[in-house]
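Colleague: Hi! Could you walk me through this model before I start on my notes?

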Amino acid sequence: MSSEERPEASDAELAQRLESVRSRIAEAARDAGRAAEEIALIVITKFHPAELVRRLARLGIGDVGENRHQEAQAKAAELDDLALRWHFVGQLQTKKARQAAQYAHAIHSIDRERLVDALATAEVADPIDAFVQINLTEDPARGGAAPGELERIAERVLATRTLRLRGVMAVAPLPEEEPAASAFARLREYSERLRALEPSAAAISAGMTHDFPEAVAAGATHLRIGSAITGNRPPAG
Ligand SMILES: *Cc1c(COP(=O)(O)O)cnc(C)c1O
């Protein structure tokens, strides 16, 4: 069997991995003196077929995340019969913003004012949850706004009726660049800056397969976990 034909995880495997991730979240929360119930789990399903998302929904998952617009749009359409909340977590082109607003309940990658302005013209029934993504590295190619732009972008979101400012989002630097714990400590400072501007925007979207316990310790409220639950991703299509 070639790697492209590698089967997806069985239902039993999926359930077992979910259980294991949930218990590690509970443990990290306990260590941090936090309630696990205040931490949302978003399962990142990028590159996996819609059928896997359907099976996750049957296991009780309500929040799923994708990082590419076309793939997200297709899956959301195919799974229209499920009451899933779709989280967009990847770089979003300005010209695709209005389309993403059709299915996205949350956009975690708000990184520039032009994107906010494009989303301002979207037709939405309810405001979309908006997270300002901050780049925790010096490399602009990693995605996210420079920390100095946080307030300016946040003010723009606050002035936009189609969006509801929820908090900050970040991806940790590579472990050899900086340990996740110290990077997430800075993210928490950015979160405090945002709360000074808008007290209700207290959410912190951080933590992936390899660093979610550190994210929980630093106060993350939204974990974006993929491969620890879905297994390794199929090659990008
Ligand atoms: C892929 C991705 C994740 C999940 O990554 P895993 O390491 O598979 O848990 C989280 N956040 C973003 C922005 C991603 O692109």
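Modeller: Happy to; below we go through the lysine site, the ligand, the salt bridges and the packing.

Colleague: What should I know about the source and the numbering first?

Modeller: This is a predicted model, in which local features need pLDDT of at least 70 and side-chain atom pairs count only at pLDDT 80 or more, while totals for chains, interfaces and linings use all residues. Residues are numbered from 1 along each chain as its sequence is written, and side-chain values use heavy atoms, with hydrogens and water left out.

Colleague: Which residue does the UniProt "modified residue" annotation cover?

Modeller: Lys46: the unreviewed UniProt entry annotates Lys46 as "modified residue: N6-(pyridoxal phosphate)lysine". UniProt positions are given in the numbering used here, feature names are shortened, and annotations may be inferred rather than shown by experiment.

Colleague: Where does lysine 46 lie?

Modeller: Lysine 46 is in the loop between strand S1 (40-44) and helix H2 (50-58). Helices (H or I, at least four residues) and strands (E, at least two) are DSSP runs, numbered from the N terminus.

Colleague: And why is lysine 46 called buried?

Modeller: Because its relative accessible area is 16%, and buried means under 20%, with exposed over 50% and partly exposed in between (1.4 Å probe, protein chains only).

Colleague: What is lysine 46 in contact with, leaving aside neighbours within four places in sequence?

Modeller: Gly65, Glu66, Asn67, Glu71, Lys75 and Arg233 are the contacts of lysine 46 on that basis. Contact here means heavy atoms within 4.5 Å.

Colleague: Switching to the ligand, which residues are around it?

Modeller: The residues around the ligand are Ile44, Lys46, Asn67, Val89, Met169, Met208, Thr209, Arg224, Ile225, Gly226, Ser227 and Arg233; a residue is near a molecule or strand if one of its heavy atoms lies within 4 Å of it.

Colleague: What are the distances from ligand atoms to lysine 46, arginine 224 and serine 227?

Modeller: A ligand oxygen atom is 2.7 Å from an N or O atom in the side chain of lysine 46. For arginine 224, a ligand nitrogen atom is 2.9 Å from an N or O atom in the side chain. With serine 227, a ligand oxygen atom is 2.8 Å from a polar backbone atom.

Colleague: Okay, salt bridges. How many are there?

Modeller: The count comes to 18 salt bridges, each being a side-chain nitrogen of Lys or Arg within 4 Å of a carboxyl oxygen of Asp or Glu.

Colleague: Which residue forms a salt bridge with lysine 75?

Modeller: Glutamate 66 does, and the closest N and O atoms are 2.7 Å apart. Lysine 75 and glutamate 66 are both buried.

Colleague: What about arginine 152?

Modeller: Arginine 152 forms a salt bridge with glutamate 113, with the closest N and O atoms 2.6 Å apart. That pair links distant parts of the chain, with arginine 152 in helix H6 (residues 150-158) and glutamate 113 in helix H5 (residues 113-120), 39 residues apart. Arginine 152 is partly exposed, at a relative accessible area of 47%.

Colleague: And aspartate 129?

Modeller: The side chain of aspartate 129 meets that of arginine 166 in a salt bridge (3.1 Å, N to O). This pair also links distant parts of the chain: aspartate 129 is in strand S5 (residues 128-133) and arginine 166 in strand S6 (residues 163-169), 37 residues apart. Salt bridges that share partners also join Glu66, Arg68, Glu71 and Lys75 into one network.

Colleague: Now the packing: which residues touch the most other members of the largest nonpolar core?

Modeller: Ile110, Phe184, Leu187 and Leu223 do, out of 67 residues in that core. A nonpolar core is a set of buried Ala, Val, Leu, Ile, Met, Phe, Trp, Tyr and Cys residues joined through side-chain atoms within 4.5 Å.

Colleague: Where is alanine 215, and is it buried or exposed?

Modeller: Alanine 215 lies in helix H8 (residues 212-217) and counts as buried at 1% relative accessibility. Not counting residues up to four places away in sequence, alanine 215 touches Phe184, Ala206, Gly207, Ala220 and Leu223.

Colleague: Last one: what does the side chain of threonine 230 make a polar contact with?

Modeller: The side chain of histidine 48, at 3.1 Å. A polar contact is a pair of N or O atoms within 3.5 Å; within protein, one must be able to donate a hydrogen and the other to accept it, and residues adjacent in sequence count only if both atoms are side-chain atoms. Threonine 230 lies in helix H9 and is buried, with a relative accessible area of 3%.
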